[in-house]
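Visitor: Please walk me through this model one feature at a time. I would like to start with the side chains.

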Amino acid sequence: LLSYLGSTGLISHEQIAKGLTRLTDKLDDLMLDAVDAHNVIAAAASQAFAEGVVSKHFVHSLPKKVLESSFFKVDRAAKLPAPELPQAALDFKEEAIRVAREYLVSHDLDEAKVAVNRMKEQYADYLFDFVRRLVIISLDMKGRDREAASQLLSALYGSGIVTRQEVAKGFSRLLDEVNDLCIDAPFAKDHAAAFIARCVYDDILPPSFTATARIGLMNNSVRSHVLSRAHMLISRAIHRLENVWTVAGASVSSGAEDETEVERIQKAMKNIIKEYLVSHDVKEACRSLEELEVPHFHHEFVYRSLVLVMEGMERDYLAVGTLFKELSTSAIVSSNQFENGLRRLFEKIDDLLLDAPKALGVSGRVIAFWSYLLVLSFSPFIFVTIFARFSHLHAHARPSHLCFHLPPFS
């Protein structure tokens, strides 16, 4: 299955390697519940390597328990000697991040060109990665910062500091990471597409980039989505691409220019919740959340909803529970996003309770509220986790703190 997903481009090799790495990072904990976890990972990693899904460097980075497993079938002679990232690459990474961040604050084009040219003299083989890092850092910044990034890329190409091939390679590497970037920057896909379209307009990327970069990809892959959107921008709005960060950016989201995209989305979500608590119109709230088109950021909606009702009336808890049920059953918000929102609440609950007039009462109501959601067919894991998290609080709570009347369910 991993071989098929990797060969078709439905999941990139980098994503498969990251998934396996996350398993190995938690190997000791996994082995507490499944003593053969290291054997399972060894078998999966061996097969992935045999099918060309993961590299020799990845195989070498596996934990000792996995490498010594009898299920690990990779020929030791086929592995590379201890691979270490060259010091030049590490130095370049540090310098590239520094230069990119300083430029996106100062917008001093001449100073940035001098700094990048200096990096080219020392790290010519890694210059493509500066393109990637500059774009990534700017994704969650203001429109004028992304405009500054576009202008710098154009200036670097025009001065002969970077080549078309280096720009194309930088964007190709960026496209492999878009899915992860969407978690922290909800508009990463749209912004990446706008960057590509702008580079085509500025003659930094060839018009064929959106087609050649799609070769071998499934139509529903994130990378394919970005390239399709970039192609649409180029074909339908080529005359507007010079102002892509003021025209297209304004159409993507509304709000003051001095706000980041994340801040705009957070404000929009808070407004949806507040309006819902007044109208109790479930369909309208669901429609409004869907229109934001940020499924990777729905954990923020879950978290904000809980924070807003922590000191509200009992009917607010029930109303949000009803909304959450609809969002879950209609698959608008995934179970992972619900759990991520809840975990965020756990991480900040101590600070939140300090601000609440009746801290223990609030904790009891949160427990009761999630008990209510359990009745609505949410995972029992959530309920068990809540009691573990709040056990140190409700040990001293009066019974009245835990009082919460639930409606009857069939």
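Guide: Gladly. A polar contact is a pair of N or O atoms within 3.5 Å; within protein, one must be able to donate a hydrogen and the other to accept it, and residues adjacent in sequence count only if both atoms are side-chain atoms. Here, the side chains of Glu300 and Arg304 form such a pair at 2.4 Å.

Visitor: What should I know about the model and its numbering before we go on?

Guide: It is a predicted model, in which local features need pLDDT of at least 70 and side-chain atom pairs count only at pLDDT 80 or more, while totals for chains, interfaces and linings use all residues. Residues are numbered from 1 along each chain as its sequence is written, and side-chain values use heavy atoms, with hydrogens and water left out.

Visitor: How many helices and strands does the protein chain have?

Guide: Both are DSSP runs numbered from the N terminus: helices are H or I with at least four residues, strands are E with at least two. This protein chain has 23 helices and 0 strands. Glu300 lies in helix α19, which spans residues 298-309 and also holds Ser305. Gln266 belongs to helix α17, residues 261-279.

Visitor: Is Glu300 buried or exposed?

Guide: Buried means under 20% relative accessible area, exposed over 50%, and partly exposed in between, using a 1.4 Å probe and protein chains only. Glu300 has 1% relative accessibility, so it counts as buried. Ser305 is buried too, because its relative accessibility is 1%. Across the protein chain, 46% of the 410 residues are buried.

Visitor: Which residues is Glu300 in contact with, leaving aside neighbours within four places in sequence?

Guide: Contact means heavy atoms within 4.5 Å. By that reading, Glu300 is in contact with Gln266, Met269 and Arg344. Gln266 and Glu300 are 34 residues apart in sequence, but their C-alpha atoms are 7.3 Å apart in space. Their side chains are joined by a polar contact of 3.4 Å. For the whole protein chain, 72% of the contacts between residues at least 6 apart in sequence join residues at least 24 apart.

Visitor: Which residues touch the most other members of the largest nonpolar core?

Guide: A nonpolar core is a set of buried Ala, Val, Leu, Ile, Met, Phe, Trp, Tyr and Cys residues joined through side-chain atoms within 4.5 Å. The largest one here has 55 residues, and Phe130, Leu134, Phe171, Ile196, Leu205 and Phe209 touch the most other members. Among the elements giving two or more residues to this core are α7 (87-106), α9 (127-138), α11 (164-175), α13 (188-201) and α15 (222-236). The top contributor is α13, with 9 residues. Not counting residues up to four places away in sequence, Phe130 touches Phe92, Ala96, Val99, Ala100, Val116, Met119, Leu152 and Leu156. A second, separate core has 32 residues, including Val262, Met269, Tyr276 and Val333.

Visitor: How do I describe two helices that pack together?

Guide: Two packed helices are described by the angle between their axes and the distance between the axes. Axes are lines fitted to C-alpha atoms, for helices over the stretch in contact, with angles from 0 to 180 degrees between N-to-C directions. Angles under 35 degrees count as roughly parallel, over 145 as roughly antiparallel, 65 to 115 as roughly perpendicular and the rest as oblique.

Visitor: At what angle do α13 and α15 cross?

Guide: Their axes come within 8 Å and cross at roughly 45 degrees, so α13 is oblique to α15. Residues of α13 including Ala193, Ile196 and Val200 meet residues of α15, among them Val226, Ala230 and Leu233.

Visitor: And where does α11 meet α13?

Guide: Phe171, Leu174 and Leu175 in α11 meet Ala192, Phe195, Ile196 and Cys199 in α13. The axes of these two helices come within 11 Å and cross at roughly 165 degrees, which means that α11 is roughly antiparallel to α13.
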